[in-house]
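Please keep the sequence and the structure side by side while reading.

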Amino acid sequence: MADVSIQRLPRGPDQGSGRSPRSRSTGSSSSNQEDQSELSQDLELLWKQKWLIAGIAALMVALAALFTFTRVPIYTAVAKVFVKPTGINLGDAAAGGVDKLVSLPTEAELAQSTQVAELAAKDLGGDPAELLEHVSVSVPTGSQLLEVKYSDPDQVAAAAGADAFAEAYLEFRGVEAQEDVDAEVEQLNEEIAVFRKDLAAAPDQATQDQLNSQITLYQLRIADAYGLNTDPGDVVSEAEIPTSPSSPNKELNLALGLFAGLFIGVGVGLLRARLGSKLEGSEDLEDILQVPVLAVVPRVRAWRNRSEPRLETILDPHGPAAEAYRALRPVLMAAAAEQDLKIFMVVSPSSGEGKTTTASNLAVVLAQAEQRVALVSADLRRSRAHEFFGIEGEPGL
């Protein structure tokens, strides 16, 4: 048999006085009070679920720690490259802003290309595709720099990888720029050779002068081509050997684990508190019924045997159950004197919850205090009160 809680139901607001309850005030103050009341209730619910929330938070932190401390540390080194535009005359372009002639996002993609990886593999060894998995390139805001980052479990390898890709990028761009100039010069020389062949067969002086002008023009274009910039830039900051890993970020991971744990814990706690139907002690009973709990009668092992009813107040007068009933007696007597009560009803939602046991023992302790007591069993289907007092049961009340 479960613990028995005994409580007094207060009068309703309209009992005895004939006056209607005072109407509630409306407006923003009422709304604020309701909001504060709901917040207070939520906080109270969370406090009751504090151990569940703490347990979930601890579990998430433990999982974050397990994930963090079992991972291989990764180190990241950074090499910085100053990028120059190629294929132009830097002197002529200076007035218009050299930095506007370079698309740094495009150059960042180029630095992570397969062609650059193949050049870097000559120094680093290994497969170019696998090397690219270690590389990332970013462009600092407002600069003309590329930050070439290389990540590796080995600190020295991380620095060597960043430097190798930075140099490979510059080499690729430099070779490409020089090849463009050489190709243009070669094409112009081929055109000049054609003009000179035509010049040898020119029929008159006017034609010769025209062909000589074309040759001179193309020679000037060759001179301009050789004046184009083929220098792609410089490594302005070589990669340093990193001293601390870039991942995993222990502090961040543990903080995220704690945050996630608290978030999940609060959600589960509120859901459990709102959906759960189990009462957690006398405080929950008071909160839900809005009545005070006057006494709590502890379990008695012998009550499990329903075939042998026991009056603890007589069979074990100094036991905890008898003491609980005697502690209830003055409360009921005071309530009876204050409100002129003559009848107390003992009820419960379903059978087997201790109605008859409570009523019988309560009748005994009241009689022991020299009160005139009539115990009426109103259970017409499964009456057991007579069994507690060893008398024969009869039909009716």
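A residue counts as exposed when its relative accessible area is over 50%, as buried when that area is under 20%, and as partly exposed in between. The model is a predicted one. Asp 340 has a relative accessibility of 57%, so it counts as exposed. Asp 340 sits in the loop that runs between helix 12 (320-339) and helix 13 (355-368). Its backbone also deserves a look: the phi of Asp 340 is near 55 degrees, a positive value in a residue other than glycine. Most residues other than glycine have a negative phi.

A second case is found in the loop between helix 13 and helix 14 (385-388), where Glu 370 is placed. Glu 370 is not a glycine, yet its phi is positive, at about 65 degrees. With 75% relative accessibility, Glu 370 counts as exposed. A glycine with a positive phi can be seen just after helix 5, where Gly 125 has a value of about 75 degrees.

The whole chain can now be considered. The protein has 397 residues, of which 28% count as buried. Its secondary structure consists of 14 helices and six strands. Take the contacts between residues at least 6 apart in sequence: 73% of these join residues at least 24 apart.

Helix 5 (residues 114-124) shows where some of the buried residues lie. Val 116, Ala 117, Leu 119, Ala 120 and Ala 121 are the buried residues of helix 5. What do they pack against? The partners are helix 4 (104-111), helix 6 (128-132) and helix 7.

Helix 7 (residues 155-200) packs with helix 8 (residues 205-226) at an angle of about 165 degrees, and the two axes are 9 Å apart. Angles over 145 degrees count as roughly antiparallel, and helix 7 and helix 8 are therefore roughly antiparallel to each other. Their crossing is left-handed. On the helix 7 side, the residues that make the contact include Val 181, Val 185, Leu 188, Ile 192, Phe 195 and Leu 199. On the helix 8 side they include Leu 211, Ile 215, Tyr 218, Ile 222, Ala 225 and Tyr 226.

The loop between helix 2 (50-69) and strand 2 holds Ile 74. Ile 74 has a relative accessible area of 21% and is partly exposed. Which residues does Ile 74 contact, leaving aside its neighbours within four places in sequence? They are Ser 151, Asp 152, Pro 153, Pro 245, Ser 246 and Ser 247.

The charged pairs come last. Side chains of opposite charge can pair when their charged atoms come close. The count of salt bridges is seven. In one of them, Asp 234 pairs with Lys 84, with 3.6 Å between the closest N and O atoms. Asp 234 belongs to strand 5 (residues 233-237) and Lys 84 to the loop between strand 2 (75-83) and helix 3 (90-93), so this pair ties together parts that are 150 residues apart in sequence. Asp 234, at 37% relative accessibility, counts as partly exposed, and Lys 84, at 21%, also counts as partly exposed. Lys 84 and Asp 234 are linked with Asp 231 in a network of salt bridges.

Glu 312 and Arg 310 form one, with their closest N and O atoms 2.6 Å apart. Here Glu 312 is buried, at 4% relative accessible area, whereas Arg 310 is partly exposed, at 25%. Glu 387 and Arg 384 form the other, with a closest N and O separation of 3.6 Å. In this pair Glu 387 is partly exposed, at 36%, and Arg 384 is buried, at 15%.

How values were computed. Residues numbered from 1 in each chain as written. Predicted model: local features only at pLDDT ≥ 70, side-chain atom pairs only at ≥ 80, totals over all residues. Heavy atoms only, no water. Axes fitted to C-alpha atoms, helices over the stretch in contact; angles between N-to-C directions. Helix = DSSP H or I, 4+ residues; strand = E, 2+ residues; numbered from the N terminus. Parallel < 35°, antiparallel > 145°, perpendicular 65-115°, else oblique. Left-handed = near helix turned anticlockwise from the far one by under 90°. Contact = heavy atoms within 4.5 Å. Salt bridge = Lys/Arg side-chain N within 4 Å of Asp/Glu carboxyl O. Buried < 20%, exposed > 50% of the residue type's maximum accessible area, 1.4 Å probe, protein only.
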